Amino acid sequence: MSLGIHGNSSYSNFEVSFLSVPVLLLFVPALYIPITIRIVYRIFMNLKTSIREKNANVPLFSAITLSHIMCLLFFIADFLYLRLPLSGLLTSWCARLQPSGYLLILIIIVYHINYIVVILPFLVAVIRLMLILSPQTHHKINSKILKCAFPLILLSPFFFTYGMFSTVGYCEYPGWPVEFGGVIFRVKYNGVGIQNKYGLLFNTVFWLLASLAINTLLILKLVILKSIVIPHTVSRASQRAQLSLTITSVSMTLACVTNGLIACLLFFLADFLYLRLPLSGLLTSWCARLQPSGYLVILIIIVYHINYIVVILPFLVAVIRLISILSPQRHHKIRNALGLIFNTFFWLLACLVINIVLIVKLVKLKHALGQHAKSQASHKAEISLTITSVAMAFAYVTNGMIANLQKPYMCGADGQEAILKFHNELRSTVANGTYNVIGTIKPPAASTRKMKWDESLAASPQKHAEKCIHDYGAPPKLGENTFTFLSHSAPTNLDQYGARASYTWEQDFQNQGWNSTSTGENPIKSPIRRAVPLVYAETDKIGCGVFNRGNNPSLPENDMNNFYMIDVVCYYEKAVSNTTSDIYMPGDACSSCSEGLICETSSGLCV
């Protein structure tokens, strides 16, 4: 007996229509999968930073990273397991393929991802709870929890799927309402182990309730903690930490309730009423006696509405999460504005579409009517309407693109002047042969250029600073320096930090010494790599960005992240070579200025 559609000529000769709804729906994941990848990457980079800095919350960041990676894999599995086969693109290939273990591998992987992805929110909540129950030792406890839980979580799906390993996977037409040509992957159940439609349902409900319970407990602990601690004995940072953790816990609880109950109940209830119950045969006799009516139409419309909405929400969640990372200082306001942004862009798009349709209709009308058939007034009206429609279409495009552009904070005139002053005074001292490094006077420089500010160069480091990434991010041809300041109080003047960072970089010369005017074989790993760009003779343009990252009150009070963090990033027009090269050429000041440059005798720099 043949399984599914295998060997069926009706399916092996099936030709898919690329304009069908299932095929077009393949592009829906393109809206949220790239955003999810971006989020996973950012969280992973934060985890690397936490590990490098030996942050106490590495276990929490690890659990969150793992949870988001599994969410990404879940989206990819959903695409490969459901959307792609239902589109009909694989039908012909699948019908010619014999039931085999290759499809079984894909199905097992998908089930494993589904089993794991619902457990991880519970693990994150447990680790958060330990922050409250054991504030002094939570790092050790959470590390042990993560080490024990990680392998158990990865192995737990085998308890449900072990019976699948001796079977084969095959393709099958799922039946109405799926259009002919759409298929799904199935496994032939051989009576061994648990049927995964029951196992997955149990696993989902169990961990949903567990996550709900643990987050409820976390909220109660926070409330008790708040009532026990006398308000005036708690620092402002600690109070903010309590508030932040409470809000996070409530949000996670509500997320479990809404995502689990609303999404699952609505979607699965609709799936049950619309597919499973009719396919079971229980309604066949009743349905045959029922006349076609509006009652069934209402049910079908509700089901379609739920299906349309449920695929949009992951994208909305991903957008909100991405905004939290890209704009940590303003994400709350941006979240509140999401409704307005969505409404604006929806109607902008709608108006743009209707105006394009209007233009097309006008063009067709113009070709349909000859010039002699139209009066002069009609001709003018047509031209006017065409121009108006084109203008409106362009207006909606430009308004939609420009409305959400905003100019970020850039170094002010005082900040730029302070940075240039420090750099040029240092370069002048080196050029004139008066720079003292731990008792040694460096020889004069023959062709050191005077530094100038470059606005276009400053835009990139400003964006880099606002991303809150410690790693270097300048293009290969540009030089770069970064530094992060910690402040107990909220900074009021960001212009001061550029010059202060420059001084910190220059101190590498004084602390590490400067033995040669060449960079050495590996300048990237040189202990004076931050100081070298300040005096590198061949560069004469600089641009810097400064960003107040704020503090992180959700972490323990003694954690370094409770300080306000101010990032400074500077880009230089030219980077020092990655191989041995001269930092500057020794010689009398201004004695070898490049062609087109002259000597500024007061500073000894080439301008």
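## A tour of the disulfides and cores

Start by selecting Cys590: at 13% relative accessibility, Cys590 counts as buried, where buried means under 20% relative accessible area, exposed over 50% and partly exposed in between (1.4 Å probe, protein chains only). Before you click on, note that this is a predicted model, in which local features need pLDDT of at least 70, side-chain atom pairs count only at pLDDT 80 or more, and totals for chains, interfaces and linings use all residues. Residues are numbered from 1 along each chain as its sequence is written, and side-chain values use heavy atoms, with hydrogens and water left out.

Cys590 and Cys599 form a disulfide with their sulfur atoms 2.3 Å apart; the term here is a pair of cysteine sulfur atoms within 2.5 Å. Cys599 counts as partly exposed because its relative accessibility is 34%.

Next, pick Cys593 and Cys606, joined by a disulfide with S to S at 1.9 Å. This link is left-handed, with -80° about the S-S bond. Cys593 sits in the loop between strand S8 (564-572) and strand S9 (599-600), and Cys606 in strand S10 (residues 605-606), so the pair ties together parts 13 residues apart in sequence. Helices (H or I, at least four residues) and strands (E, at least two) are DSSP runs, numbered from the N terminus. Cys593 is partly exposed at 22%, while Cys606, at 2% relative accessibility, counts as buried.

Jump over to Cys94 and Cys171, another disulfide, S to S 1.5 Å. Cys94 is in helix H5 (residues 91-96) and Cys171 in strand S1 (residues 169-172), 77 residues apart, so distant parts of the chain are linked. Both cysteines are buried.

How many disulfides does the count come to? It comes to 4, and with bonded cysteines counted along the chain they follow the pattern 1-2, 3-4, 5-7, 6-8.

Time for the cores: buried Ala, Val, Leu, Ile, Met, Phe, Trp, Tyr and Cys residues joined through side-chain atoms within 4.5 Å. Select Ile5, Met70, Leu120, Leu123, Ile153 and Phe185, which touch the most other members of the largest nonpolar core, a set of 43 residues. Helix H6 (101-117) is among the elements giving two or more residues to this core, and H6 supplies the largest share, 10 residues.

Zoom in on Ile153: leaving aside neighbours within four places in sequence, Ile153 is in contact (heavy atoms within 4.5 Å) with Ile116, Ile119, Leu120 and Leu123.

Last stop: another core of 37 residues lies apart from that one, with Ile419, Leu494, Ile542 and Val568 among its members.
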